[in-house]
Amino acid sequence: MFFVRVNMTDRTYSVTDVPEKYKHLAGRGLTSNVIADEVPALCHALGPNNKLVFSPGYTTGTSAPTSSRVSVGGKSPLTGGIKEANAGTSWAADLGVLNIKALIVEGFPEEKGKFWGIAVTWDGKPKVEFFEATQYAGKPLAEVHPAMYEKFGEKISVCSIGMAAEHGYSNSGVAFNDQYKRPTRYAGRGGLGAVMATKGLKFIVLNRAGAPGVEIVDKALFEEGRKKMIDALRTHAITKPKGGLNSYGTAILVNILNEAGGLPTRNFSSGRFEGAPKISGETIFEKNKERKGKEVYNHNCSPGCIIQCSNTVYDEKGEEITSCLEYESAWALGADCGIDNLEDVAKMNALCNDYGLDTIETGVAIAVAMEGGLIPFGDSKAAIELVHEMGKGTPKGRILGAGAATTGRAFGVRRVPVVKGQAMPAYEPRAVKGIGITYATTTMGADHTAGYTIAPEILGVMGKQDPLSPEGKAGLSRAFQATTAFIDSSGHCLFIAFAILDIATGYQGMIDEVNGVTGNKWSADDILKLGGDILKVERKFNEAAGIGKEADRMPEFMMKEPLPPHNVTFDISDETLDSVFGEL
Amino acid sequence: MKIKLKLFANLRQYLPGAPIGEAVEIDVPEQYTLGELAAQLKLPPDEVKICFVNGIICELEKILIEGDEVGIFPPIGGG
């Protein structure tokens with residue numbers, strides 16, 4: 001495996017063996033360690049000293065099921081802290097097949113307003129070529145992605161940034177192709193797209209032709225693990241074919257969170273939205289059936305995924321509006337804005353993909369602006385126009401593009417649902433306490449994926465825990481955060497957790513796969529420790545960046561304002577929050 | 001006594017015609033439990049994963065009272 005460093009100051013590159021200290025790391029573990037070692041914590045995220053690191057997980061590029069994830073790391077312009085965002089895409093698998101353990105983008109071009117692309121191929125080792133890409137800037141991604149396939153052939157994968165990143169927004173993601181060449185799979189959170197833009201880098205094109213693939217040290221063990229993982233994913237009710245995720249997509253969660261009183265509505269002023277069913281996974285499924293004349297099951301976002309949860313939303317004529325509309329996006333652009341028009345929500349989702357915006361940050365920022373009186377709650381047409389303004393880079397669009405926290409300041413709004421400057425996702429922390437502890441304490445800023453306690457608190461996965469009770473939730477969040485840091489390094493999609501947290505052989509399967517690839521002999525305890533070590537590295541970076549435990553707090557309104565319908569507040573003490581990392 | 005009922009995802013087929021997410025009023029005997037209600041509706045036991053009564057997650061032993069709003073979900077996940 002190789003480290004590939006791309007220097008955008010002079011557009012040169014180097015290929016070296018993986019340094020000894022990083023050999024046992026991959027995915028999030030690797031991106032976070034390289035950032036912690038090489039990026040000054042106090043640097044400006046959009047300045048010359050930040051870096052962007054791409055790393056495939058241990059199993060990415062192998063035949064392990066649902067393992068085509070890539071981690072993207074850097075210092076976040078949104079939170080000011082360390083950031084890892086990951087995505088499922090063939091680009092991830094190709095990076096692994098090209099034997100690239102880390103692709104590190106560094107340097108800073110002096111000439112502003114110009115963009116380049118890089119094309120990575122195999123020539124005995126990874127080879128990088130630069131090409132001019134300024135002509136592709138200032139246009140929606142769906143328009144410019146096809147040019148890459150025309151230029152480099154059909155068998156490539158493409159990473160890119162959109163206009164949001166070009167504008168320097170703290171809300172800007174890094175886009176990757178899906179299985180149908182759409183630029184719609186995002187490492188979306190935390191503004192890493194803008195970091196890539198500051199390097200003058202618009203595209204990273206990978207061509208795996210001739211590359212040797214991922215070396216597997218113990219093939220028998222890997223095969224054993226792979227079979228265990230496949231069995232778990234194919235038998236668990238949530239992940240199996242025509243199971244919950246394959247039928248209804250992640251938006252299946254709209255109704256259950258609404259039922260639990262935990263669906264943040266109209267800028268986190270209620271836990272129930274009367275229009276929730278209209279933007280739910282069930283409605284998407286039923287409308288698609290009516291519009292396509294048959295039941296439409298979901299597809300995979302990346303090669304080798306057997307869960308296949310990506311939906312498509314069709315309009316009345318049966319034409320595609322967007323793919324995929326995730327739960328978080330349906331909620332952020334829907335319930336949180338008081339919008340129940342599914343087609344308009346889907347349209348906004350498509351625009352976010354086109355402009356390179358994170359859907360969560362976009363929806364929450366618009367909802368904050370709605371509370372500030374910019375447009376009324378529920379006005380979907382006006383909301384669509386605001387997303388266009390973000391794409392165009394108008395002054396109003398730029399305020400929104402800076403994220404929910406900045407939008408709150410610009411419009412004098414007190415109820416701003418962020419932690420460490422990052423917008424909260426689709427679970428009300430007052431009604432689901434464990435996820436609130438994760439939002440408050442994760443190194444990432446408010447992030448549900450960092451420690452998804454929703455599994456036991458709402459979904460009955462890995463037992464059942466009362467969502468309204470704070471009892472034992474700090475320990476629960478800590479355990480989920482450490483396990484997640486490892487899963488984010490494994491190369492697997494986090495959704496394997498639904499199956500492997502209930503099916504012990506599946507969990508062992510993940511460990512066997514990783515040990516098979518790497519030749520390590522890690523136990524379940526070891527991987528929990530490895531996950532914890534990643535968190536500690538991230539935490540140390542954040543502390544050096546001035547983001548210590550004082551930042552592990554919820555917005556004041558959540559502690560004071562009772563949330564309907566259960567009329568609950570976020571009643572977790574500072575000591576309990578501090579114990580999450582204090583006892584790690 | 002009358003209660004309100006909502007079935008979700010694959011369980012919707014056991015309440016044919018009910019609009020998605022809208023409660024249907026049904027009659028059940030006094031002291032009826034969630035489990036008895038699920039059995040009456042012929043819901044496959046392994047498809048009854050999470051039950052809400054008035055927005056609170058409850059077990060099948062929960063005794064219902066007049067006016068309760070019940071929501072039943074099969075195994076689902078997302079994020």
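This is a predicted model: local features need pLDDT of at least 70, side-chain atom pairs count only at pLDDT 80 or more; totals for chains, interfaces and linings use all residues.
Residues are numbered from 1 along each chain as its sequence is written, chains are lettered from A and ligands numbered from 1 in the order in which they are written, and side-chain values use heavy atoms, with hydrogens and water left out.

Let's start where the two chains touch. Chain A brings 34 residues to the contact and chain B brings 22, with contact meaning heavy atoms within 4.5 Å. The size of an interface is often given as the accessible area lost when the parts come together. Here the buried area (accessible area, 1.4 Å probe, that two parts lose on being put together, summed over both) is about 2300 Å², and carbon and sulfur atoms give 62% of that. On the chain B side, B:Ile20, B:Ile76 and B:Gly79 lose the most area to chain A, together 27% of what that side buries.

What about charges? The rule finds three salt bridges across the interface of chain B and chain A, each being a side-chain nitrogen of Lys or Arg within 4 Å of a carboxyl oxygen of Asp or Glu. One salt bridge pairs A:Lys464 with B:Glu59, whose closest N and O atoms are 3.7 Å apart. Now look at which parts of chain B do the touching: strands E3 (50-53), E4 (56-58) and E5 (69-73) of chain B each give two or more residues to the side that touches chain A. Strands here are DSSP runs of E, at least two residues, and helices are runs of H or I, at least four, numbered from the N terminus.

Next, the pockets. Rolling a probe the size of a water molecule over the atoms shows where empty space is left. On a 1 Å grid over the protein atoms alone, a pocket is an open set of points where a 1.4 Å probe fits, with protein on both sides within 12 Å along at least five of seven lines; lining residues have an atom within 4 Å of a point. The largest pocket has a volume of about 430 Å³. It has 18 lining residues, and the closest to its centre are A:Met1, A:Lys23, A:Lys101, A:Glu215 and A:Val517.

The second largest pocket has a volume of about 250 Å³. Its lining includes A:Tyr248 and A:Phe285 as well as B:Asn10 and B:Arg12. Helix H9 (281-292) of chain A is one of its suppliers, and H9(A) gives the most, with three residues.

Terms used
Grid points are joined across faces, edges and corners, and a volume is the space filled by probe spheres set on the points.
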